[in-house]
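Here's a quick briefing to read alongside the model. Have the sequence and the 3D view open as you go.

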Protein chains: 2
Amino acid sequence: MAHTKTHDNSLAPSEIRRIDAFWRACNYLCAGMIYLRDNPLLREPLQPDHIKKRLLGHWGSSPGQTFIWAHLNRVIQLNELNMIYLSGPGHGAPAVLANAYLEGSFSAIHPEVSLNASGMLELFRSFSFPGKLGSHCTPEIPGSIHEGGELGYVLSHAFGAAFDNPDLIVTAVVGDGEAETGPLATAWHSNKFLNPIRDGAVLPILHLNGYKIANPTILARIGNDELTHLMKGYGWTPFFVEGDDPVEMHKKMAGVLDQCIAAIRKIQHHAKATNSPQRAIWPMIVLRTPKGWTGPDTFNHHQIEGTWRSHQVPLADVRQDPAQLKLLEDWMRSYDPASLFDSNGALLPAMQAAMPPPALRMSANMHANGGRLRMPLFMPDFKEYGVTVDRPAVMRVSPTAVLAAFLRDIMQRNPNNFRLFSPDENASNKLDGVYEVTGKTWLADRYASDDDGGHLCADGRVMEMLSEHTLEGWLEGYLLTGRHGLFNTYEAFAHIVDSMVSQHAKWLDKSRLEARWRAPISSLNILLSSLVWRQDHNGFTHQDPGFLDVISNKSGDVTRIYLPPDANCLLSVADHCLRSVNYVNVIVADKQPHLSYLGIEEAATHCAKGIGIWPWASSDEGREPDVVIACAGDIVTAEALAAVALLRTHVPDLKIRFVNVVDLYRLPPDTDHPHGMTHSDFDALFTRNKPVIFSFHGYPWLIHRFIYRRHNHANFHVRGYREKGNINTPLELAIMNQIDRYHLAMDVLNYVPRLQNQTSHFKEWLKGCLIDSVNYAHTEGTDRPEISGWTWPERKV
Amino acid sequence: MAHTKTHDNSLAPSEIRRIDAFWRACNYLCAGMIYLRDNPLLREPLQPDHIKKRLLGHWGSSPGQTFIWAHLNRVIQLNELNMIYLSGPGHGAPAVLANAYLEGSFSAIHPEVSLNASGMLELFRSFSFPGKLGSHCTPEIPGSIHEGGELGYVLSHAFGAAFDNPDLIVTAVVGDGEAETGPLATAWHSNKFLNPIRDGAVLPILHLNGYKIANPTILARIGNDELTHLMKGYGWTPFFVEGDDPVEMHKKMAGVLDQCIAAIRKIQHHAKATNSPQRAIWPMIVLRTPKGWTGPDTFNHHQIEGTWRSHQVPLADVRQDPAQLKLLEDWMRSYDPASLFDSNGALLPAMQAAMPPPALRMSANMHANGGRLRMPLFMPDFKEYGVTVDRPAVMRVSPTAVLAAFLRDIMQRNPNNFRLFSPDENASNKLDGVYEVTGKTWLADRYASDDDGGHLCADGRVMEMLSEHTLEGWLEGYLLTGRHGLFNTYEAFAHIVDSMVSQHAKWLDKSRLEARWRAPISSLNILLSSLVWRQDHNGFTHQDPGFLDVISNKSGDVTRIYLPPDANCLLSVADHCLRSVNYVNVIVADKQPHLSYLGIEEAATHCAKGIGIWPWASSDEGREPDVVIACAGDIVTAEALAAVALLRTHVPDLKIRFVNVVDLYRLPPDTDHPHGMTHSDFDALFTRNKPVIFSFHGYPWLIHRFIYRRHNHANFHVRGYREKGNINTPLELAIMNQIDRYHLAMDVLNYVPRLQNQTSHFKEWLKGCLIDSVNYAHTEGTDRPEISGWTWPERKV
């Protein structure tokens, strides 16, 4: 990487002309994408029939973004920068597409969109056309790792990309609409987590376009003093570039960009030279340009340029209204296409020089197709971390604490491409074992007292901040640039990132279907802990297993849900997930000490199958059972086994089959999900006509959603969280939702035909237990009956 | 309201002593809640058996909050303020409970928690005890309208409470952990929407406790310079109160609070006097105190006070460890309880004077039990806004545009207690008709060009900012203080507020069950528009109807989902929802022009039933049908009717029953939801054995989740969004997900037994239509075939 060159901040007129011409070329292409279905170079006078029948796309933010890109090209060339570009403004795709096209990256994927008139026309026609290119940045655009559909995540994505990429500069264009979202508003603080030695730089460009769909933006209407305070308060040094005169703006932008690159290099060099990774006050740019800059100024006595009226299609009735058609033609001809493109539609050679050499072009940067840079993790053998299980259901261990040792050694072996992300809950979720080999990144002020167990350091690889959005966004950016990670969070509050995770799943699905040139990236691994059933003490607000419902609405080709029943199974599942690519893996595992059932080898076999009979817990001895007791989830497995223990004691001749589900997607038919079971396999496990008492970790109807087409569905009785909770004891919470041992045993008595009409002593005893348990919970001080205070009979091997 | 009194900022020593004593009393109660099950007044030496068996609760933020409350009491008395207190820090309930108890508000609800030793003990024992009081602020606490479970919403709730409450000051304590969340980080900008004449004031107190669960907080570690910049950048004037010496801190806090109240009054008086509601730079306070202030300083060579170690229970092993027990006793005796409470456990009379008179006590403020202040809306007759439907399925109208006229007149008739909330999408969702009577609130800078269609004004009642979190939070605060409103958003992005809405539903459920003294509040009305089926042009990121799945996991006692099929039905549904209380009502209605089917009277009847046969669309003439075609959702209704039209033309002897569902909760059994149908009613509609082709707006499995126990379930074939999308035409998107007319008609041919094995001309024709439709979409320029280009046969009346 070359050193930053010094400048006198005065751009040579020829350089201004070159940048301006390149910018005009991009703007011309943007307008063409929105409007034209023919006559791409305007060789003929514009006719209504040259205009698309349905006008779609967003002009407003495009010229500002092409302006930025053109100027970034200059500093990339000058400084040989390794830079990627993230476009925050929702629908600025034309700007990014125009550059990806001119840089040849788009043609490399779609040869028919060639760098000539016919290719240009194909580009125009493809934009916002059914089955083709979206009107916002999508996975289909080379050079992009940031979807422009939902707003708010460009800064967290940018920081994720910069972590552990010391040579990279990530330019993040923040739309001033997007800047109003919560996730974006807090992501500015990511600079307190950026290490100037081990990480790259993020250069935010806050683009004050001034307007959203229908309103001014807040940040454009608080004055520069307040905005300066705000950016300084967020810990940045703002540089302002404001105006609408192209020549003046080119000079200003070039000067400011030179200052910013110099400032970034100075920070990085100083940190490296002194080997002191202090927090830096990094530069950022406030770019204030008119919305729809260089577009139509006014129409029909309404101001267009510089208002919300240019947010989408500034002239909407061009096919019908000759006045608008004329205005569009004047507008497009104002870019003087004949001076930009040759007669074949190729960019004139003089302007090629405005682009960096191919290897440095942002649309071709490998970091934006991170799968190509991805190296598999060096993984220790997960079996070495297994707990010994001589007899099932005796020893208690915290599953996540066991996982922590495995993660610790993964982090040790992969010091530069694996990070752990959590919203201040890593230790609470019992993953603090990783602090043996790495700390928590913290570049803000430190106190001496932090050394007493704070685990803070400048180059930690545990990322913590109290913002689920920022954490999850960092991880996405980290994965999209070819690295690995795990996000852990309290289960109930995973809903905070429902929409983000949903969008990432859509990104993966589109990449798989429509952008196969994207190399596979590491899966987004989400560990849900502090689970509903042990949030009895925190109460109702902390009880919500519904993240699984949100995930299961996404494409089955990119989603996986695992509910390991114990610590060894969690190890096996985690090993699998950390090796996988292109999925959203959700792992559900609690942090409290829970019973262990399977030895590590058994666990590996069980998890590989994803579902299976536990013969030692069953009493059917391979015959057709009277009842199937099934479960999915660690805590519900304990209660289901407790129910089996009761039944085997009190109804010894009952033939019980015990089935445990780890991989939730084994339940749907194989036609619905790649992991789904065939109907015959399903029937073999669950029978075609016997009652199945199914205890599920989450909302019970999720199971029905997967199995409603199974032959035996009518006999499935699913228990799960039914949104009944309070400040409870664990057992009481279980009872309220009927997943406790007593209710499950009672279910068996009620649904096995030959037991149905018996009024047995056992049934009465179960009822008594229920009453006693609740009374006990409410009267006996703060002592809390354990959910699983029982011993499993000697194991049959 | 009295004028602010002037002060010399020096508190009399007696006043310091009084405030300090009151503060110590509260802190004593906080510690007691966490630790004691006996010996509440420490009359005896503390014994292990006096200690709770399970220690729960959060000490860390409590003493800071009791400090704030004690000082607020002073300014309330001095200035006769109408003030409520919102506790942002997650688990600071002991502080709020202590005050609600001392103020008598808690005893008024729970007489057994009386203001004496036995009541105090009951309070201690109830705290964090199964079935009793949560460890964070919950609906059970009088004076609170803000749940402390999930973090991030205290400022948006506070502003919602302040809107249209000109006499009210809402003190919002912002935890420095919470301040890192996205929703909180952007909610500071709410001050650009606060009108100093028509609204009340919000006084944020950023409580720099310094630590979260396991980490320092960002805002406590950026220095006061940066923090000052940040707050000024957000548009506030920060006042700092920092330290740990109680006497000094009392003086500082009193002085700063006097300044803040004076500043608030000055702003308000100036605005009123000049009748110019300008945006004001309101005061806010930065309070920096040690976490766990006044608690144990160190233990076992670890610093406790002032670190994350005092976040929850600072001494965790008190029952077992005599050293810890001694430390606890010293700590609690340091408050000198004998000087605070009389021998009966009542607060000493001298200290009663530290509390405001009963009418001004924050825990008794009526605004925090907003249902008691709620007035029903003055509603025009919704039927007057109905569109004329001479023949079904002919006229197209935008349902939301029709709704806008109704909303407009509601807003006109209710100028002070109804607001409309939208994240910059109100006009996009075609509700801009309301601008005839009110504008959009905007106190930030205005330009002359805004007058050209901007609809911005200082006292508008349409609230827009590009933050779903802030908007939804404002609305919750507005409702909880007794007013009315509607939130409208793009359907796909409703997921952004999944967690917020879920928490509000839990609040309503708990209020219903555990806090019946709370008077009913207006329902949280959420209008989802810009629906999945017409986001064909925006593409895959904008297609997600899964918010309904999240809502349907919440208690059926507080959730309602409506899918009005046309404009008149939308009017009827909206009328119902706006009159209702204590629900989360979700209404699904698109903004594009869609067909109308029912006259306004028919619509009212149909919506009152929530589900029904449309005889004019059916051909069974009241007999047992061959097939039931059912639908729920506006766009899918159009396609289902188109399928019926095709079938009636091509298979004229087929007996079709057409069922439309408006109220989704009619589908589950009456045992599952109050709106559920009995099995016999369900069978009467859907038959016990005929095929049912059910076209659903959302993910199809949601329907199965509701009906899996119905007799005829096995014959239900549900179509809906299957997460298949791209940039499409509407028809193509429908086809990809099989909700289009051709697929539905084919379903009928495939599932009606007597048609199954026929290879008819009609079947071939349908296949051809499918192929043609997709081809047409992909070849015919940007022209997009309409989803419903058909005419319904003459109506049979």
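Why is strand β1 (residues 82-87) of chain B largely enclosed by the rest of the structure? Six of its six residues are buried, so the rest of the structure largely encloses β1(B). Keep in mind that this is a predicted model, where local features need pLDDT of at least 70 and side-chain atom pairs count only at pLDDT 80 or more, while totals for chains, interfaces and linings use all residues. Residues are numbered from 1 along each chain as its sequence is written, and chains are lettered from A and ligands numbered from 1 in the order in which they are written.

**Strand β1 of chain B**
- "Buried" takes 20 or more other C-beta atoms within 10 Å of a residue's own (exposed is 12 or fewer, partly exposed is in between; C-beta atoms are placed from the backbone).
- B:N82, B:I84 and B:L86 point one way, B:M83, B:Y85 and B:S87 point the other way, and all are buried.
- β1(B) pairs in the parallel sense with strand β2 (residues 168-175) of chain B, over six bridges; pairing takes at least two DSSP bridges.
- B:N82 has B:L168 as its bridge partner in β2(B).
- Strands here are DSSP runs of E, at least two residues, and helices are runs of H or I, at least four, numbered from the N terminus.

**A helix crossing in chain B**
- Helix α1 (residues 13-35) and helix α9 (residues 246-274) of chain B have axes that come within 10 Å and cross at roughly 105° (lines fitted to C-alpha atoms over the stretch in contact, with angles from 0 to 180 degrees between N-to-C directions).
- α1(B) and α9(B) are therefore roughly perpendicular, the label for 65 to 115 degrees.
- B:I16, B:I19 and B:D20 of α1(B) meet B:P246, B:V247 and B:H250 of α9(B); a contact means C-beta atoms, placed from the backbone, within 7 Å.

**Where chains A and B meet**
- 101 residues of chain A are in contact with 101 residues of chain B.
- On the chain A side, α8(A) gives the most, with eight residues.
- That side of chain A divides into 28 nonpolar, 42 polar and 31 charged residues (nonpolar: Ala, Val, Leu, Ile, Met, Phe, Trp, Tyr, Cys and Pro; charged: Asp, Glu, Lys and Arg; polar: the others, Gly among them).

**Confidence**
- The predictor gives the complex an ipTM of 0.96 and a pTM of 0.97.
- Chain A averages a pLDDT of 94, and 96% of the residues score at least 70; pLDDT is the predictor's per-residue confidence, from 0 to 100.
- Over residues 1-8 of chain A, pLDDT stays under 50.

Methods
Contact = placed C-beta atoms within 7 Å. Parallel < 35°, antiparallel > 145°, perpendicular 65-115°, else oblique.
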